Amino acid sequence: MKGKIEIITGCMFAGKSTELLSKVDEYNIRTLFVKPKIDLRYDESSINTHSGKKVDAIVVDSLAEIFNKLSDFHLVAVDEAQFFGSNIVEHCLKISNMGINLVLAGLEYDYLHNRFESMTGLLQIADSVKYLTATCVKCSKAATHSHRIVREKSKILVGHQDFYEPLCAQCYSKNV
Ligand SMILES: [Zn+2]
């Protein structure tokens with residue numbers, strides 16, 4: 001039987017990592033936690049939520065690196081999935097064909113509201129998609145946009161509260 005592919009997406013501060021961990025709790029089976037190498041926000045080998053929960057994860061450039069580690073696991077949980085290459089789609093299909101379930105959390109759009117190619121592909125193969133919203137910091141409506149507050153081009157600024165804020169579509173268009 002094929003494994004299920006579930007996607008959790010939305011803007012920043014929408015609680016995607018928290019939802020990922022609660023989904024994993026729901027499954028309650030042996031789970032391999034995976035993160036892309038780019039996310040060095042906290043220590044390199046854990047998934048952290050803004051609410052302070054933390055689990056150990058392996059850090060890889062590509063999901064192909066976990067194929068030989070999967071024999072002990074029934075679920076793969078991926079955080080920050082947007083930072084993987086678009087080949088994450090074929091890798092997920094392969095893992096699913098092995099009978100292993102996947103739950104992936106990732107941003108649908110970057111701070112310029114451009115889609116992440118990897119997430120666009122994942123949304124097309126997903127068995128289920130959960131869209132989460134944050135709260136707009138200007139007007140308290142449901143926020144769907146991640147707005148970058150500082151303008152540093154050289155640095156990859158991943159998910160740090162000081163650099164981004166969630167906005168609704170209306171406030172975002174006024175602020176960009
Ligand atoms: Zn707003």
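This is a short tour of the structure you have open, one selection at a time.

**The whole protein**

Start with everything shown as a cartoon, and keep in mind that you are looking at a predicted model. The protein has 176 residues, and 35% of them count as buried. Among contacts with a separation of 6 or more, 74% join residues 24 or more positions apart.

Now look for the open sheet of six strands, which has the order 5-2-6-7-1-8 and parallel pairing. What stands at its edges? Select strand 5 (58–60) and strand 8 (128–132): each has a single partner strand, so one side of each is left without a neighbour in the sheet. Follow the sheet across and you can see its twist, which averages 20 degrees from one strand to the next. If you are wondering what links strands like these, strands of a sheet pair through backbone hydrogen bonds, either parallel or antiparallel.

**Strands 1 and 7**

Next, select residues 5–10 (strand 1) together with residues 101–107 (strand 7). These two strands run parallel and are joined by six bridges. Pick out Ile 7, and opposite it you will find Leu 104 in strand 7.

How do helix 2 and helix 3 pack together? They meet at an angle of about 35 degrees, with their axes 9 Å apart. Show the side chains here: Ile 88, Val 89, Cys 92 and Leu 93 in helix 2 meet Ser 118, Gly 121, Leu 122 and Ile 125 in helix 3. By class, this contact has six nonpolar, two polar and no charged residues.

For the last stop, select residues 31–36, which make up strand 2. Why is strand 2 largely enclosed by the rest of the structure? Five of its six residues are buried, so the strand is largely enclosed.

Strand 2 runs parallel to strand 6, with four bridges joining them. Here Phe 33 stands opposite Ala 77 in strand 6. Strand 2 also runs parallel to strand 5, through three bridges. To see this pairing, select Pro 36, which stands opposite Val 60 in strand 5.

Terms used: Residues are numbered from 1 along each chain as its sequence is written. This is a predicted model: local features need pLDDT of at least 70, side-chain atom pairs count only at pLDDT 80 or more; totals for chains, interfaces and linings use all residues. Two strands pair if DSSP finds at least two bridges between them. Axes are lines fitted to C-alpha atoms, for helices over the stretch in contact, and angles run from 0 to 180 degrees between N-to-C directions. Two residues are in contact if their C-beta atoms, placed from the backbone, lie within 7 Å. Ala, Val, Leu, Ile, Met, Phe, Trp, Tyr, Cys and Pro count as nonpolar, Asp, Glu, Lys and Arg as charged, and the others, Gly among them, as polar. A residue is buried if 20 or more other C-beta atoms lie within 10 Å of its own, exposed if 12 or fewer, and partly exposed in between; C-beta atoms are placed from the backbone.
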